[in-house]
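Visitor: Please show me the model. I want to know what stands behind each label.

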Amino acid sequence: MELFKPEFGLAFWMFIAFLCLFGILAKWAWPFIIKSMEERADLIDKGVAIAQEAKAKLDNAKAEADKLVAEARNEQAEILREAAKMRNELIEKARGEAADEAKKVTDAAQVSLEQARKEAEKQLRSEVGDLALQIAEKVIRRNIANDDAQRALVDQYLSEVETKN
Amino acid sequence: MKKAITAIIAVVIIALMALGYAEAAHHSAHSGESAEVNPQEIIFEHLGDSYGWEVPFSHSKRIPLPVIVRAQDGSWHAFMSSRLADGAQYDGFQIAKGGDYNNKVVQVLPDGSQYRPVDLSITKNVAGIFIAALLVLLMVFKVRNWYKKNGMKAPRRFTAALELVVDFVYTDTIRPIMGKEAPKYAPYLLTVFFFILTMNLLGLIVIFPGGANLTGNLAVTAVLALITFLVTNLTGTKHYWKEMFWPEVPTALKCPVPLMQVIELFGIFTKPIALMIRLFANMMGGHMVVIVFMLLIFIFGSMFGTAVGGAMTPLSVALSLFMLLLDVLVSFIQAYVFTILSTMFISMAHVHEHAE
């Protein structure tokens, strides 16, 4: 069987061909290919690691930003609340002051009014008394018996008038 | 609609196949040629080596290849194989028919006896090996040049496919087994893998650049196994040899009668021989089955008549197509198996103390 008898010539050329092929590839091709492939694998691994880190950082940053926004919002609400409180207080205070002032003014007015009224009353009383005396003098000049008695009577009448008023 | 067209085309092709055979049988019967087929001869002609390369659709035409022989008197002769076509004699040489040197170049001595010269002819198989080596060279340099030119960019198309295979063999096989020593032995193992794969696949292509049954030839696989054998044993560590000649087993097993040593020594040789036979038998078997399926047409034709042979055609073609597809798979698997076993043998010869 020819197939099972290795032919020397074929083995010889096979050996030569393989050695040439191996020599060329081992010198110029395989080491370079392997090195490049490993470098690229490293590069890709590194790239993935960096990307993961970046993503983690981004996620962190987002959380931080959210926190900051929430804080700012709280602060804003606080400030608004305080401002509203202050405004109300101011208004209350102003209102109170105004009321006090108004009360003072009315009180003063009332006092002076009372005084004026009392003075007027006094004046009026004396004037009416004088007037009545003058009238009575005129009346009595014609009919005068007892001046003093007359005068007491007039005074009495005047008091009566006053109380009536 | 599309399906219907495909079905019609298939039927037409099958009918043509059957008719073609019937027509050929009719023709040969008329011309008085012997319709007898000798399957064994055809099989071995296809699996074996030859001094010229067949051309499709022709029985007689061959691409001539150089014949280089050393005659009995020690002189070298070189001429094209076309000079020996059809049994012609040239310079005292001719291709023997029958006998010990069937289909080989022999020198016809003056006394009429045949002398088998030292034959370094570039036969079909040798040329096939050169073509395969050239293809491997082109493919590997394609990948290398890509890296030279594009640096870290990922390759595309064919280069990417090649790189995927390199990555598969190196990163997934050689590196896990060899560890730190991987870069040192990877060039050899990768070369072996790509060379075997290319030869396997070329053997499946039936016309010119392919068609040579390379890895299905014992000489080719023997050389490959021999190189692995040499690499394994020449780079073996001290510990490897110590394990061989003074293994750590009970003394009774190794001292008076060197039982373990004989077994270990035997193992050194069986490993590469197993490599050689495995690749050879797988590839040769695949080729043989494909040819046998095709020959079924002619065997049935001569046994039961032309009609049966014609009817066999579609089945034969389908079966051999299936076998060829299977062989594509086997080509890859066998190349891979040879590589991974070589890797393991080499790494096993690199045992270090305490590294069991």
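**Strands and helices of chain B**

Guide: Chain B holds an open sheet of three strands, in the order E4-E3-E8, with antiparallel pairing. Strands E4 (76-80) and E8 (118-119) are the edges: each has a single partner strand, so one side of each is left without a neighbour in the sheet. This is a predicted model: local features need pLDDT of at least 70, side-chain atom pairs need 80 or more, and totals for chains, interfaces and linings use all residues. Residues are numbered from 1 along each chain as written, with chains lettered from A and ligands numbered from 1 in written order.

Visitor: What joins strand E3 of chain B to E8(B)?

Guide: Two bridges join E3 (residues 66-70) to E8(B), and the strands run antiparallel. Pairing takes at least two bridges found by DSSP. In E8(B), Asp119(B) is the bridge partner of Val69(B). A strand is a DSSP run of E, at least two residues; a helix is a run of H or I, at least four.

Visitor: Why is H5(B) called largely enclosed?

Guide: In H5(B), 17 of the 23 residues are buried, so the rest of the structure largely encloses it. Buried means 20 or more other C-beta atoms within 10 Å of the residue's own, with C-beta atoms placed from the backbone.

Visitor: Where does H8(B) bend?

Guide: H8(B) bends by about 35 degrees at Leu295(B). That is the angle between axes fitted to the seven residues ending there and the seven starting there.

Conventions: Buried ≥ 20, exposed ≤ 12 C-beta atoms within 10 Å, placed from the backbone.
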